[in-house]
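Take a look at the model below. We will go from the whole chain down to single side chains.

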Amino acid sequence: MANTPRELAYRTLLAAEKDHARPVDDLLNEALNNSTLDPRDKRWTMELVFGVTRMQLQLDAWIQVAYKGRYKKAQHAIKTLLRMGAFQLKHMQTAEHAALNETVKLCKRVGQSQARGLVNAVLRKIQTIELSQILEPISDPLKKLSIETSHPEWLLEKWLSRYDHDEVTALCRHNNRPPKVWIRRNSLRITQADFEAYLEREAVHFSRSTILESFYEIDTGGPLLRTPEFHDGWFSFQDIAAGMVAFILDPQPGETIVDACAAPGGKMAFLSELSSGQSHIIACDASQTRLGKVKQNVERLGLKDIVIRRLDATVEPLPEAHQILLDVPCSGTGVLGRRPDARWKRQASDSSSLVGIQTNIIKNSWKYLKPGGILVYATCTLEPEENWALIDSVVESLENAEFEPITAEKIKPFIDERGALATLPWNHDMDGMFAVKIRKAL
């Protein structure tokens, strides 16, 4: 077991480098849960792991300047050690001598003693190089922006085709900062006064949302995860933009609501809380494994009248419903700040392959929406081909479909000119979400 923050960070980053199938935040959470590090060391470790992951492209540019040889051919272990050292030198408050010396010492602890000289030499060279010196010789503005912001060129090119340079830069800066931490009070379990008293007892700095009253922005969430109140279902972690998607449905007592892509169950849970547990909610997902997380949430939060079903919404029949929520699989470019490794796993072709899945989910689900009912289509992507372009192309093929602008006063600042929820990370300082309402005529 790793017993220092740097060693734990190294083992997590190396595991992520070797196994692209598992998100780095899953790997880190697992490592932290099994460690004996104190909360302060855990926060430092998280900053290092997520920071190295986000800034990988920029860190590699630094290292390549200082590295003698073919850095691309270097072993995963060497790359990981160098990136960790470079990030501490250039982006953390760590003293330079500590960043350098402790990284060299780490080589021995993790069985890479032969690399100590190399790591020492490269990091000492990096100490003397400014980012401007790396960027200055680059004539291609796209490549320069890619290194400066540590985002892939193909993604920047897409964004620059519809946003101006300043907006793209602001979006990248948002993605490179730790995301805000939001929690949602379970109104079925705890009153506002008692919940805020609990936060005060835990010495958590909080600010209640002026948009959705059960949401709170807090300074840190880690310590709260270990309190009995979390396990008793007093609250959940959820970005407020995701909360707005559930809020749009306005669930009413007695209604049957199908959440067709429910896992891990955050929006499903908020729907239940919004209806005071009076709606009949059917939470579906194609993945039995992911439905396990939905079940955990239902049990922890004490939610009533929830049915969980494994169901592939692209082809299988849904239960007939008054309202259907389709939080569909998407490219996730609106939540890159929250998913630090996603920018490296996405490909330019992802959106085109996802559009087919998204279209099939809408068309199949529409058949099971009752006349007069509402279908909410939602994504966490900024890409128009998965949002408005898809809606415009699909709605025409749906029988009795009418696009219904969102008019809820509480979320009016986040509604676009056509009536969809469209939060922009750099503008609204929250996740990027898109959602539209489509009504089936009577």
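What follows covers the overall fold, then two residues in their surroundings.

This is a predicted model. The protein contains 21 helices and 12 strands. Its C-alpha trace spans about 75 × 50 × 35 Å along the principal axes. How does the radius of gyration compare with that of a compact globule? For 442 residues, such a globule would be near 22 Å, and the protein has 23 Å, so the two agree.

Next, the packing. Of the 442 residues, 54% count as buried. Take the contacts in the protein with a separation of 6 or more: residues 24 or more positions apart account for 73% of them.

Now the surface and the charges. The accessible surface of the protein comes to about 19800 Å². Carbon and sulfur atoms hold 49% of that area. The protein carries 56 positive and 57 negative charges. Their mean positions are 7 Å apart.

Now zoom in on serine 331. Where does this residue sit? Serine 331 lies in a loop, with β8 (321–327) on one side and α18 (342–345) on the other. Is serine 331 buried or exposed? Its relative accessibility is 3%, under the 20% cut-off, so serine 331 counts as buried.

Which side chains does serine 331 reach through polar contacts? One partner is threonine 381, with a side-chain polar contact of 2.8 Å. Another is glutamate 386, where the side chains are joined by a polar contact of 2.5 Å. The wider surroundings can be listed too. Leaving aside neighbours within four places in sequence, serine 331 is in contact with Arg346, Ser351, Leu354, Thr381, Glu383 and Glu386.

What does isoleucine 134 touch, once neighbours within four places in sequence are left aside? Its contacts are Ala61, Trp62, Val65 and Ile129.

Isoleucine 134 and isoleucine 147 are 13 residues apart along the chain. Their C-alpha atoms are separated by 8.9 Å.

Serine 331 is a buried loop residue, joined by polar contacts to threonine 381 and glutamate 386.

Key: Residues numbered from 1 in each chain as written. Predicted model: local features only at pLDDT ≥ 70, side-chain atom pairs only at ≥ 80, totals over all residues. Heavy atoms only, no water. Helix = DSSP H or I, 4+ residues; strand = E, 2+ residues; numbered from the N terminus. Rg over C-alpha atoms; globule rule 2.2 N^0.38 Å. Buried < 20%, exposed > 50% of the residue type's maximum accessible area, 1.4 Å probe, protein only. Contact = heavy atoms within 4.5 Å. Areas by Shrake-Rupley, 256 points an atom, 1.4 Å probe, with all protein chains shown as cover. Lys, Arg positive; Asp, Glu negative; His and termini not counted. Charge placed at Lys NZ, Arg CZ, Asp CG, Glu CD. Polar contact = N/O pair within 3.5 Å; in protein donor to acceptor, adjacent residues only side chain to side chain.
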